[in-house]
Amino acid sequence: MLSKKGVDFGFILKRYDIEAENQNTPESVAKKMLPKDAVFKACAEDVLYMRFKDVGKTVTEALKTKKPLDIINEGLVPGMEIVGKLYADHIYYLPEIMLAAKTMEIGIALAEKQLAGGRTTKGLAIMHVAEGDPHDIGKNIAVVMMRASGFSVIDMGRDVPVDDVVAAVVKEKPFLVTGTALMTTTMSAFPDIAAKLVAKGIKIPFMSAGGAVNREFSEGFELGIYSEKAPQTPPIADKIIAGYDWKKVRAEWDNIVGGA
């Protein structure tokens, strides 16, 4: 019989995946990304750690020395950006995303009250889940990240009829429309929407997302572009605002989403 005497089982049974996960904590990620300014840092930390009961007091105190828009853009939004990074790294999950978003929204609402004319936004996007599809978790996360990045969003919800999406685009004139599908039986709504928009002379990018779609499908119809995961949506939207059309987004997609 082989002897086990002197064998160090720590090397044999070591779980390197768990060890790596333990090295990445909210604190370790935040340390590199938090604002240096103490006032903005406090606002960001309230969002990061989901302190929705404290953020009102923190923002009220910050307003004594900082401009409202700076509190939003240099404090609250960076906090949500850290949350997005934690989600992408599988450290935070949906409950943390939603609670952090609620915290940020409370803080933004207080700061916006001090802004003459309200907060300006980068642009308006329309987001929805495909007709017949009840799965909206991914869309909800993307909506939060778009709003945190300074965009206005009309969230049409889930199971949205094709013609309702087209009508909303015609009425609201967004710079981007997105559709999410988790079921392969529902993703055919996206090329239908795109075709109806083209027929009306509307050629804004149509972003497909969700577990049912892939890049090949999304780029298989006119206007179609792809987002593989929620954190990729804002950087793609930034490029569209900067002047990219749907063809240029396709051509430079790998570079655009490389850091998302």
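Predicted model: local features only at pLDDT ≥ 70, side-chain atom pairs only at ≥ 80, totals over all residues.
**Aromatic pairs and the nonpolar core**

At 11% relative accessibility, Phe221 counts as buried, because the cut-off for that class is under 20%.

Phe221 takes part in a ring pair with Phe206. The ring centres are 6.3 Å apart and the planes stand at 65 degrees, so the pair is edge-to-face. The pair also joins distant parts of the chain: Phe206 belongs to strand 4, residues 206-209, while Phe221 sits in the loop between helix 11 (215-218) and strand 5 (224-226), 15 residues apart. Phe206 is buried as well, with a relative accessible area of 0%.

Which residues do ring pairs link into a cluster? They are Phe190, Phe206, Phe217 and Phe221. The structure as a whole holds 5 aromatic pairs.

Lys66 lies over the face of Phe40, 4.9 Å from the ring centre. Lys248 is placed over the face of Tyr244, at 4.4 Å from the ring centre.

In soluble globular proteins, nonpolar side chains tend to be buried together. Here, the largest such core has 78 residues, and those with the most contacts inside it are Leu76, Met80, Met146, Leu176 and Ile236. Helix 6, residues 68-88, gives the most to this core, with 8 residues.

What does Leu76 contact, leaving aside its neighbours within four places in sequence? Its contacts are Cys43, Val47, Val55, Val59, Ile71, Met104, Gly107 and Ile108.

Key:
Residues numbered from 1 in each chain as written. Heavy atoms only, no water. Phe/Tyr/Trp six-rings, centres within 6.5 Å; stacked < 30°, edge-to-face > 60°. Helix = DSSP H or I, 4+ residues; strand = E, 2+ residues; numbered from the N terminus. Buried < 20%, exposed > 50% of the residue type's maximum accessible area, 1.4 Å probe, protein only. Lys NZ or Arg CZ within 6 Å of the ring centre and 35° of its normal. Core = buried A, V, L, I, M, F, W, Y, C linked by side-chain atoms within 4.5 Å. Contact = heavy atoms within 4.5 Å.
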